[in-house]
Amino acid sequence: MAPVTAASSSSAFNRIGFWSPNTASVDWCENNYVVSYYIAEFWNTISNFGSLLLVILGYHLFPTNDGRFKVLFWTCGVVAIGSTLFHGTLRHKMQLLDELPMLYSATIILYILVEAKHGRQGSWFPVFLTTWLSLTTYIFSTTGGKLQFYTFQSTYTTLQLCMIYYLRLLHVQQRSKRPNPAVSVLIRRALLFGAFAVSIWLIDLRLCEFINGVGPKSVLRWNPQLHAWWHVFSAVAMYHAALLVGYYHYDVIGQRPIVYQWRGFLPALKLDVLSENHKTM
């Protein structure tokens, strides 16, 4: 399949490496096989380790054993691992291991938020979402090039907008009952980190020839590795969003969640009153 190449025509992007030729539907702005013959995009690869660390911390700091949140954190962990393999190889199958879990995690968040806002929806709702995920998995697994790239981006963006919409509804609902400054801080941080992450992602994708540090049109002498920074800032934004999802879920069911600072710097959740009856698998 022909990849959607974000890079310029510089020979730095055409270097041969261990995993060549590239079969992914996109080649990001990092110069390929520069640091290592065995890693296609070195900085884009190692930047996922920070994302994985946040997932591990989120998993262990979460206040209950609620199965839906455990699955969410596990899926986010698969995203970090899949992204590592994708950027390390630029192979289509590894790209799927990155992108499909992103859709799965976003769908899990949507499921939690819809039930937090509208109550239990019955068995039809998870069946519907599972059917939809099966269909999207088939489509993304059997297409390539621009069709696959833009279909994924539009689908994932729609899910993210739905998450923002429901978080806003739940925030207004919660604020009318009991304003919580700590939650407002989480919202501002999530929006700030998310907006910054999306901005540098777009610059890396659309303006690569001007910032790659090697092409004839580049205004920079070095590549700022914006996609690697996207991994970092988007992971921080998603961590804050996951806390918000958990907060509103437990607030709606009356378990009085509290935002606190773990080790004095990392926001986390705890419940005011927690018993074994509150824990669900």
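In which handedness of crossing does α7 pass α9? The crossing is left-handed. By definition, a crossing is left-handed if the near helix is turned anticlockwise from the far one by less than a right angle, and right-handed if clockwise. The model is predicted: local features need pLDDT of at least 70, side-chain atom pairs count only at pLDDT 80 or more, and totals for chains, interfaces and linings use all residues. Residues are numbered from 1 along each chain as its sequence is written, and side-chain values use heavy atoms, with hydrogens and water left out.

Two helix pairs are described here. Two packed helices are described by the angle between their axes and the distance between the axes. Helices (H or I, at least four residues) and strands (E, at least two) are DSSP runs, numbered from the N terminus. Axes are lines fitted to C-alpha atoms, for helices over the stretch in contact, and angles run from 0 to 180 degrees between N-to-C directions. Helix α7 spans residues 181–206 and helix α9 residues 226–252. Their axes lie 8 Å apart and pack at an angle of about 150 degrees. That makes α7 roughly antiparallel to α9. Angles under 35 degrees count as roughly parallel, over 145 as roughly antiparallel, 65 to 115 as roughly perpendicular and the rest as oblique. The contact of α7 with α9 has 22 nonpolar, 4 polar and 2 charged residues. In this classification, Ala, Val, Leu, Ile, Met, Phe, Trp, Tyr, Cys and Pro count as nonpolar, Asp, Glu, Lys and Arg as charged, and the others, Gly among them, as polar. I200 is found in helix α7. The C-alpha atoms of I200 and L226 are 5.8 Å apart in space, while the two residues are 26 residues apart in sequence. I200 counts as buried, at 7% relative accessibility. Buried means under 20% relative accessible area, exposed over 50%, and partly exposed in between (1.4 Å probe, protein chains only).

The second pair is helix α3 (residues 67–89) and helix α4 (residues 92–118). Their axes come within 7 Å and cross at roughly 160 degrees. α3 and α4 are therefore roughly antiparallel to each other. Their crossing is left-handed. By class, the contact of α3 with α4 has 17 nonpolar, 6 polar and 3 charged residues.

The structure holds 1 disulfide, defined as a pair of cysteine sulfur atoms within 2.5 Å. C29 is joined to C208, with an S to S distance of 2.1 Å. The link of C29 and C208 is right-handed, with 90 degrees about the S-S bond. C29 lies in the loop between β2 (26–27) and α1 (42–46), and C208 in helix α8 (residues 208–211), so the pair ties together parts that are 179 residues apart in sequence. Both C29 and C208 are buried. C76 is in no disulfide; the nearest cysteine sulfur, that of C162, is 17 Å away. C76 counts as buried at 16% relative accessibility. C162 is in no disulfide either. At 27% relative accessibility, C162 counts as partly exposed.

Aromatic rings were also paired. Rings of Phe, Tyr and Trp (its six-membered ring) pair if their centres lie within 6.5 Å; planes under 30 degrees apart count as stacked, over 60 as edge-to-face and the rest as tilted. The count comes to 23 aromatic pairs. F149 and Y150 have ring centres 5.0 Å apart and planes at 80 degrees, so this pair is edge-to-face. F149 is buried, at 1% relative accessibility, whereas Y150 is partly exposed, at 36%. Y247 and Y248 also form an edge-to-face pair, with 5.5 Å centre to centre and 85 degrees between the planes. Y247 is buried, with a relative accessible area of 0%. Y248 is buried too, at 2%. Ring pairs link W28, F149, Y150, W201 and W230 into a cluster.

Some backbone features remain. A cis peptide bond joins S20 and P21, with omega about 0 degrees. P21 sits in the loop between β1 (4–5) and β2. R256 is not a glycine, yet has a positive phi of about 50 degrees. R256 lies in the loop between α9 and β3 (257–262) and is partly exposed, with a relative accessible area of 43%. R263 has a positive phi near 60 degrees. R263 is in the loop between β3 and β4 and is exposed, at 69% relative accessible area.
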